[in-house]
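Please read the points below with the sequence and the model side by side.

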Amino acid sequence: MKRHSIGLTVFLSLFILSALILQAQTRETAILQGRVLADTGDPLPGVQVKVSSPSVIGTYSAITDRDGRYRIPTLLTGTYVVEAFLEGFAPSKIERVVIHAGTTATLDITLSPAKLETEVNVVAAAPVVDVTDASLAKTFISRELLTAVPNSQNTHEIVNMAPGVTEFSAYGGGDQVGNSWTIDGAEVSSAWFGGGQYATPIDYNVVEEAQVIALGAPAEYGGFTGAVINIVTKSGGNTLSGDAQLLFKGRSWQSSNIQAGDPEWVLLPETPITNRLDTSFHLGGPIIRDKLWFFSGFQYLKSETKLLSSGKESPTTMPKYFVKLSFQLSNRDRIQAFFERHTYTNKQSQLSALIHPDGNWDVLWGTTIFNLSYLHTVSADSIFELKFAGTWGSWNSIPSSRDKSISGHWDLVTGESWGNAYWWSDQPDHKINVRSTFSQRADGLLGSHDLKVGAEVEQSAGVWDMTINGGVAYFDLNHEPYMAYTEHGHKGFSNIRWSFFLQDDWKITDSLVINPGIRYGLERGSVPGIDQTVWKPHMGLEPRIGLTWDIFKNQRTVLKAHYGKYNDGVRSYNYWDLTPSGDQIYYLVPEWGTLEYWFTVYGQNLYSVDPNIKIPSMNQLVLGLEQVLGKDLSASAAFIHKKWINFIDTVELNGTYEEVQYTDPDTGTVFTVYNQTNVGTNPHYLITNPRVGVDIGAAFPGIVMVDPTRKYTGVQFTISKRFSNRWQLYASYTYSKEEGSYSNAHTATGYYGVGGTGNYHDPNRQINLYGHSTISPPHVLKVLFSYLLPWDINFSAFYRYNSGRTWTRTTTLTIVDQATKPYLLLEPQGSRRMAAISNLDLRVEKTVRVRNMGISLMLDVFNVFNQAAPTSVNVFVGESFGLPLTVTAPRTYRVGLRLFY
């Protein structure tokens with residue numbers, strides 16, 4: 001099998017960049033630019049513009065050119081003071097200029113002739129809208145907002161604060177697989193299926209800023225069809241500082257939002273009670289002033305969730321370690337590096353009534369992340385950056401019994417699991433990422449250009465080993481014996497992906513910027529046991545084009561439009577089934593304790609891949625208006641249309657079926673369903689982009705009855721107020737319509753987004769498939785607000801309203817001969833909707849300052865309304881049909897203590 005060398009890949013990436021004329025900003029830095037004018041409106045050349053902040057090592061400055069223009073690149077996230085000096089003019093000073101990573105802030109300055117030898121404090125508005133970038137509704141969740149509003153303090157859940165995001169699904173995208181997660185600009189999404197839940201739960205208090213880019217992202221960003229989430233971490237400073245925090249909520253510190261004896265909650269007769277302890281300590285400062293900074297942190301989480309009636313208890317622990325170094329080698333060279341480790345242990349992980357105590361399992365995972373970056377400023381117009389980052393870890397699902405000798409049971413009708421968890425699995429994986437970019441600003445060619453060229457190579461690998469407990473796993477039918485199977489599962493992957501992009505911010509006039517870009521990727525994958533490259537998908541070009549128009553040339557009213565194509569990131573789940581694995585042996589179980597051999601599914605050559613397979617992608621069109629309403633205050637409105645194409649799934653080629661009739665006993669509706677006529681014949685699965693009517697050599701020509709599709713159309717309104725004058729606000733409302741046949745969330749009937757829905761293994765699974773995704777809320781409203789009252793008392797609130805999840809009345813087709821009985825949707829997918837979630841969280845925090853030390857005491861109240869909204873229900877027909885399985889947490893109180901200096 002051909003093996004790809006990571007060293008060779010790095011060399012090729014750098015070689016390509018060196019051959020190109022490589023916008024002088026990176027994902028963690030920003031540009032400050034503008035013009036300096038006299039009060040007559042004439043440009044002033046030779047003006048020294050200087051910026052300073054505790055966020056940067058040293059002071060940055062620039063001299064205006066003959067047109068009065070200045071440009072200061074590579075600024076880190078923070079709040080700056082901007083000063084301008086020219087002999088004969090009164091110096092000016094603008095304070096509280098907020099700079100967000102990955103943006104270009106435009107700040108024009110006016111100087112007046114000197115009359116007195118005094119400094120003039122200019123009360124000008126700091127830039128609020130980026131007039132060079134066509135990205136709409138780009139969300140910056142600042143440290144002030146992160147620390148002020150009540151929330152779970154789970155870094156992975158920060159994305160849910162952003163507009164248009166519900167349960168990690170951004171504007172109809174996959175709840176995990178649709179997003180790309182980066183920390184300090186380096187991609188850390190899972191090598192298995194692209195989600196960020198493994199790598200992103202870093203210590204919440206090391207986050208300086210979180211950015212969510214979902215609409216109109218330029219060509220620099222790829223590997224997502226939902227949103228890009230970039231977490232920028234803290235860097236220390238010239239002054240030694242630290243903090244210690246303790247958050248606690250006890251089991252008795254919550255209400256009950258479920259009434260005992262209420263038949264609606266018979267599957268969940270009580271509200272789970274939880275206690276939670278969250279402690280952390282952080283220290284940062286100079287090792288060498290103005291040269292070398294450090295920032296470090298330790299966090300320890302411990303929680304216990306319990307159901308008193310059943311005795312189920314699910315304890316969790318999660319220690320985290322973080323350290324970061326920032327080294328300014330010279331005025332032109334900067335190195336940053338961080339290392340992070342967290343270990344998660346969750347025992348008795350499932351509290352669902354469908355999981356019996358003896359059928360539960362524990363989840364163990366540990367993740368390590370590192371990131372090393374080098375930034376070289378060739379000039380104010382030319383920047384080079386190189387990043388080397390990686391993650392490695394292991395996910396383990398272990399029976400809570402720790403006993404491999406007992407078999408587990410799964411009831412195909414009721415959905416219950418009992419006896420033991422039926423498998424024991426281990427999933428180690430790693431990912432290495434090298435990214436290099438070069439940026440160049442150039443005048444001419446019908447305006448000025450900010451060109452950015454980049455290349456990225458990513459290598460990842462992983463293994464999944466699974467053991468069937470007790471030798472066989474039992475599948476029951478409504479608590480009656482039915483069948484069993486045995487196998488030893490072993491799957492793996494080794495994946496390498498190259499990406500290249502070219503992005504231009506073409507400034508045609510002072511008010512009009514065009515943002516053309518192009519991205520291209522190449523992905524190759526292999527699996528253990530096959531000595532050749534098995535994964536060669538067609539990826540194609542990803543064109544992007546945007547427009548930014550400063551309508552009145554005052555940086556206050558900006559029209560933005562953008563069209564782009566976005567490919568999925570690495571989804572190794574799509575092809576790891578090609579790994580030759582153990583045989584699956586199926587048995588009939590006429591009575592408990594008796595096994596009768598039925599048939600064998602041979603692990604060799606069980607899967608093949610379509611040579612013309614394409615990477616899933618999403619086409620997006622957005623149009624919006626951003627308006628500055630006042631100092632630090634802005635609003636936006638946007639129209640959004642998205643369409644997903646080329647979903648990857650597996651299609652069963654060897655099955656044959658005959659039509660039979662099934663009558664719904666509750667409604668009398670007659671369905672034409674499909675009975676397999678060759679059960680026991682060795683199946684064969686084709687990994688492809690399923691299409692209706694395409695001949696793929698299937699024995700049953702109608703195996704693909706529904707194209708996998710999804711589309712989203714919406715409008716969104718936001719209003720944002722940076723923290724100033726003692727208050728801050730971020731509010732958004734999104735109205736949307738989403739529909740299709742390929743859901744955006746993992747559900748009881750399919751693993752969407754990882755090529756494992758099973759929809760095309762059996763035509764019955766496609767009946768009524770077109771409808772609404774599980775996460776398909778027409779209405780999403782969010783309000784984050786804080787106000788600093790007198791005496792250093794902070795009052796803040798986080799309110800969110802969203803339509804509930806959808807669900808579908810479902811049955812198990814026991815009348816057909818298929819071994820694992822297929823599900824049948826008895827109505828169009830997503831026909832029913834759970835109650836809307838209306839949640840208000842409040843915080844009151846008092847801070848006392850003694851010299852250089854501060855002490856904060858806080859009280860948080862979650863779910864002030866004590867709403868009981870179902871978050872999942874039993875979708876299967878029967879006595880418990882439609883009854884809630886899980887519920888929103890009740891009103892809960894949390895206290896906190898924070899010391900800082």
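1. Two strands are said to pair if DSSP finds at least two bridges between them, and helices (H or I, at least four residues) and strands (E, at least two) are DSSP runs, numbered from the N terminus. Strand β21 (residues 333-346) and strand β22 (residues 361-379) run antiparallel and are joined by 14 bridges.

2. This is a predicted model, in which local features need pLDDT of at least 70 and side-chain atom pairs count only at pLDDT 80 or more, while totals for chains, interfaces and linings use all residues. Residues are numbered from 1 along each chain as its sequence is written, and side-chain values use heavy atoms, with hydrogens and water left out.

3. Strand β22 also pairs in the antiparallel sense with strand β23 (residues 382-399), over 18 bridges, and these two strands form a hairpin with two residues between them. Within this pairing, Val363 has Ser397 of β23 opposite.

4. Phe140 is found in strand β10. Leaving aside neighbours within four places in sequence, Phe140 is in contact (heavy atoms within 4.5 Å) with residues including His100, Ala101, Thr103 and Glu209. Phe140 and Pro127 are 13 residues apart in sequence, and their C-alpha atoms are 14 Å apart in space.

5. As a whole, the protein has two helices and 55 strands. Its radius of gyration, taken over C-alpha atoms, is 29 Å, which agrees with the value near 29 Å that a compact globule of 901 residues would have; the globule rule is 2.2 Å times the number of residues to the power 0.38. The C-alpha trace spans about 100 × 60 × 50 Å along its principal axes.

6. Of the 901 residues, 59% are buried, that is, under 20% relative accessible area with a 1.4 Å probe, protein chains only. The protein exposes about 34500 Å², of which carbon and sulfur atoms supply 59%; the areas come from the Shrake-Rupley method with a 1.4 Å probe.

Notes
Buried means under 20% relative accessible area, exposed over 50%, partly exposed in between (1.4 Å probe, protein chains only).
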